[in-house]
Structures are given as C-alpha cells and as structure tokens.
Amino acid sequence: MTKALPSDWFLRSRLKMRHILLLAAIDDQRSLHKAAAALHMTQPAATKLLGDLEATLDLRLFQRTVRGLTPTAHGNSLIRHARLMLGTLDHARAELSAISDGAAG
C-alpha cells in the first residue's frame, strides 16, 4: 500500500522558494553545510527547512551518510522538478528583461 501525498492545495500553500533553492543547492553540494553557505543561511536554518519539507511531504528526500547527502528516489524526483521551476523563473526574468529593453513585446 502506498502513502497518500498531501493534496495539491497543501503543497502549493506550504512549498516555499527557499525549499526549491535548498533542494538544488543540496544536489549541487551534497552537503547541507555547503548548501546553506551557498544560500547565505546558517546550517541549522537549512536543517530545519529540509526537515520541515520532509515532514510536510512525509517522505525522506535524502540519505544522510558520512560522505554527505544522497537523494532518495523521492528526492531525485523533487530535485528535477525544483530545477524545472528555477529554469522557468530564469526564462521569465530573461523575457521581462527583453521586454524592458524593447527587444520583445
């Protein structure tokens, strides 16, 4: 029997951009300490943010090892979607900049 994930509304209302950025940073760094530094936050704040996200989803997103953090299957899936969201925001920023510069309209 599989676990039911939180409803769309619950995810949309609880998921924050800081969660998305943290997922990508942990994937890049494989270390919570280094990911926190990259995001200009303390390691305890990053730990709490990740813990809150895992508690919200009721899923383990990373395996903690002596070598750092390794994404679980759930973590890999969420990281992939987080990167898509960040890419979409980058495209939006570029489009807004082009509109402002008169290059698009």
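These questions and answers walk through a predicted model of the protein.

Reader: In what order do the elements of the protein run from the N terminus on?
Author: The model is predicted. The protein has five helices and two strands. From the N terminus on, the order is α-α-α-α-β-β-α.

Reader: What does the C-alpha trace span along its principal axes?
Author: The protein has 105 residues, and buried residues make up 31% of them. Along the principal axes, the C-alpha trace spans about 50 × 35 × 20 Å.

Reader: Among contacts between residues at least 6 apart in sequence, what percentage join residues at least 24 apart?
Author: Leu 69 and Arg 30 give an example of a contact across the sequence. They are 39 residues apart in sequence. For the protein, the share of such contacts that join residues at least 24 apart is 48%.

Reader: Are helix 2 and helix 5 roughly parallel or roughly perpendicular to each other?
Author: Helix 2 covers residues 17–29 and helix 5 covers residues 73–100. They pack at an angle of about 115°, with their axes 9 Å apart. Angles of 65 to 115 degrees count as roughly perpendicular. The two helices are therefore roughly perpendicular.

Reader: What is the handedness of the crossing of helix 2 and helix 5?
Author: Two packed helices are described by the angle between their axes and the distance between the axes. Here the angle is about 115° and the distance is 9 Å. The crossing of helix 2 and helix 5 is left-handed.

Reader: How many nonpolar residues does the contact of helix 2 with helix 5 have?
Author: Helix 2 contributes Met 17, Ile 20, Leu 21, Leu 23, Ala 24, Asp 27 and Asp 28. Helix 5 contributes Leu 78, Ile 79, Ala 82, Arg 83, Met 85, Leu 86 and Leu 89. By class, there are three charged residues, no polar ones, and a nonpolar count of eleven.

Reader: Is Leu 69 buried or exposed?
Author: Leu 69 lies in strand 2, residues 68–71. Beyond four places in sequence, Leu 69 contacts Ile 26, Arg 30, Leu 32, Phe 62, Gln 63 and Arg 64. Its relative accessible area is 8%. Buried means under 20%, so Leu 69 is buried.

Reader: What is the relative accessible area of Glu 54?
Author: Glu 54 lies in helix 4. Not counting residues up to four places away in sequence, Glu 54 touches Leu 59, Arg 60, Leu 61, Phe 62 and Arg 64. Glu 54 is buried, with a relative accessible area of 9%.

Reader: Which residues does Arg 14 touch, not counting those up to four places away in sequence?
Author: Arg 14 lies in helix 1, residues 8–14. Arg 14 is partly exposed, with a relative accessible area of 40%. Beyond four places in sequence, Arg 14 touches His 19 and Thr 56.

How values were computed
Residues numbered from 1 in each chain as written. Predicted model: local features only at pLDDT ≥ 70, side-chain atom pairs only at ≥ 80, totals over all residues. Heavy atoms only, no water. Helix = DSSP H or I, 4+ residues; strand = E, 2+ residues; numbered from the N terminus. Buried < 20%, exposed > 50% of the residue type's maximum accessible area, 1.4 Å probe, protein only. Contact = heavy atoms within 4.5 Å. Axes fitted to C-alpha atoms, helices over the stretch in contact; angles between N-to-C directions. Parallel < 35°, antiparallel > 145°, perpendicular 65-115°, else oblique. Left-handed = near helix turned anticlockwise from the far one by under 90°. Nonpolar A, V, L, I, M, F, W, Y, C, P; charged D, E, K, R; others polar.
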